[in-house]
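Here's a quick briefing to read alongside the model. Have the viewer open and follow the topics one by one.

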Amino acid sequence: MNAARVIQLPGDKRRLVVGMRWRHEDRAPAAKALRAAAKERGRWVCRRRTSMGSHQTGFASLELGRKAAAMQSLGALVADAKPEPWLGIFDLGEGLYWYIAVRDNQEILPDGDVIGNRDDIEEARARHASFGGWEY
């Protein structure tokens, strides 16, 4: 199950959102349109521009509190860390893992931001294995 969550990494004060669904955008969506979409759908939304110039919008179903603006997408923060295509599996402790898969134009795959147990992560990796050429 890939329900989005807010996590904090040891030594980092930021509240990080993981387990988002991503989509490609032809151009940068307006902030007003994103706020309206988030309000309608009860979701937290972020947008990112990749180092290659493409645009993405990420969505996460979360309980939105007063501090929603203080959250950041972990996927958006790290997607440009390595040349594409790459994927990573990160052990968050206590049986929880995070998976990210980045492909063309440094974009996170629509289902390439997953949080869950080891089985959830292996399932996500298996879905993307046929794309080939991954750096780990």
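Serine 73 lies in strand S6, residues 71-73, where strands (E, at least two residues) and helices (H or I, at least four) are DSSP runs numbered from the N terminus. Keep in mind that this is a predicted model: local features need pLDDT of at least 70, side-chain atom pairs count only at pLDDT 80 or more, and totals for chains, interfaces and linings use all residues. Residues are numbered from 1 along each chain as its sequence is written, and side-chain values use heavy atoms, with hydrogens and water left out.

**Serine 73**
- Serine 73 counts as buried because its relative accessibility is 4% (buried is under 20% relative accessible area, exposed over 50%, partly exposed in between; 1.4 Å probe, protein chains only).
- A polar atom of its side chain lies 3.3 Å from the backbone nitrogen of glycine 75.
- Setting aside neighbours within four places in sequence, serine 73 is in contact with Val17, Met20, Trp22, Trp44 and Cys46 (contact means heavy atoms within 4.5 Å).

**Leucine 77**
- Leucine 77 sits in helix H2, residues 74-78, and is partly exposed, at 39% relative accessible area.
- Not counting residues up to four places away in sequence, leucine 77 touches Arg14, Leu16 and Gln72.
- Leucine 77 and leucine 16 are 61 residues apart in sequence, yet 9.4 Å apart in space, C-alpha to C-alpha.

**Serine 54**
- You'll find serine 54 in the loop between strand S4 (43-49) and strand S5 (55-61); with 9% relative accessibility, serine 54 counts as buried.
- Its side chain makes a polar contact with the side chain of glutamate 107, at 2.9 Å (a pair of N or O atoms within 3.5 Å; within protein, one must be able to donate a hydrogen and the other to accept it, and residues adjacent in sequence count only if both atoms are side-chain atoms).
- Leaving out neighbours within four places in sequence, the contacts of serine 54 are His24, Arg48, Arg49, Asn105 and Glu107.

**Charges over rings**
- The charged end of arginine 103 sits over the ring of tryptophan 134, 4.6 Å from its centre (NZ of Lys or CZ of Arg within 6 Å of the ring centre and within 35 degrees of the ring normal).
- Likewise, arginine 118 has its charged end over the ring of tyrosine 97, 5.0 Å from the ring centre.
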